[in-house]
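I opened the file to look up a few things and wrote down what I found. The entries follow the order in which I looked.

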Amino acid sequence: MSTKLLYMYDSYLRKFNAKVIKVMDNKVILDQTAFHPLTGGVANDTGYIVKDDEKYRVIDVKLNKETNEVIHIIDGEVKLNEGDIIEGKIDWDRRYKLMKLHTAAHLIAAVLYNDYGALITGGHVDVKYAKMDFNLEKPDRRIFEEAIRKANEIIKKRLPVKIYFLTRGEAMKIPGIIKLAERMPPKIKELRIVEIPGIDIQADGGPHVNNIGEIGEIVLLKVENKGRTKRRVYYTIKEKD
Ligand SMILES: [Zn+2]
């Protein structure tokens, strides 16, 4: 049974109730979850699953792509049973950083796509920093300095991040919707669309901030050349003083 992904509807949901569907050793499957598994290049959440006075630390979250079940991996022994109602709590500081870094990736990618036609070929958003690979001929750090400067200008416009669902047919009519090229599995009939009006529109299942103003300021960390046309950029979000 696939797990309902609550963060797809509300990225700001920190607590939720759910029913235990399966327990295998230290792995717990729920009917629904706000825990984001490692997927779409964004790191997993951590947090707690609580039942009465039992508190279980969630140290890792994975998606079984065959069954679409989210697997919550617990540090230690699990005494939960099928049918138990639990409360889930995600580590909000960690999640919110992931949301900012991930939404920032949309802005950087949009600028590089508009200016150079560069496509994302890989990437990973972690808590302390994110990295993204682009196919780009020129090995020039200034391209990324300029892209992040422009992305920071866009942040100042404080645009909303709109989330909605479209059928695959409707989504495919939108020009430039799949910048992540071949990543969208064909079996998914309804696509979740993430739109930053006038800037970027993507089919994307991850958690994002509601308004790009929440990102604050993107900081370039480093640029690496990973091959003839592969450029890797590392960036983070400036911590508030
Ligand atoms: Zn996204």
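I began with terms: buried means under 20% relative accessible area, exposed means over 50%, and partly exposed is in between (1.4 Å probe, protein chains only). Helices (H or I, at least four residues) and strands (E, at least two) are DSSP runs, numbered from the N terminus.

I noted that this is a predicted model, in which local features need pLDDT of at least 70, side-chain atom pairs count only at pLDDT 80 or more, and totals for chains, interfaces and linings use all residues. Residues are numbered from 1 along each chain as its sequence is written, and side-chain values use heavy atoms, with hydrogens and water left out.

Entry on strand β8.

I then looked up the neighbours of β8, taking two strands as paired if DSSP finds at least two bridges between them. Strand β2 (residues 15-24) runs antiparallel to β8 and is joined to it by five bridges; asparagine 17 has glutamate 87 as its bridge partner there. Strand β5 (residues 47-51) also pairs with β8 in the antiparallel sense, over four bridges, and isoleucine 49 is the bridge partner of glycine 88.

Entry on salt bridges.
I used this rule: a side-chain nitrogen of Lys or Arg within 4 Å of a carboxyl oxygen of Asp or Glu. The count comes to 16 salt bridges. One of them joins lysine 22 and glutamate 69, with the closest N and O atoms 3.3 Å apart. This pair links distant parts of the chain, with lysine 22 in strand β2 and glutamate 69 in strand β7 (residues 69-74), 47 residues apart. Lysine 22 counts as partly exposed because its relative accessibility is 31%, whereas glutamate 69, at 5%, is buried.

Entry on the zinc ion.
Donors are N, O and S atoms within 2.8 Å of the metal (3.2 Å for Na, K and Ca); water is not among the atoms, so sites may look incomplete. I found His102 (NE2), His106 (NE2), Asp204 (OD) and His208 (NE2) as protein donors, 1.8 to 2.0 Å from the zinc ion. Their spacing in sequence is H-x3-H-x97-D-x3-H. Aspartate 204 and histidine 208 are both buried.

Why is the arrangement tetrahedral? The four donor atoms subtend angles of 89 to 130°, and four donors count as tetrahedral if all angles lie between 85 and 135 degrees.

Notes
Four donors count as tetrahedral if all angles lie between 85 and 135 degrees; four count as square planar and six as octahedral if opposite donors are over 155 degrees apart and all others between 65 and 115; anything else is irregular.
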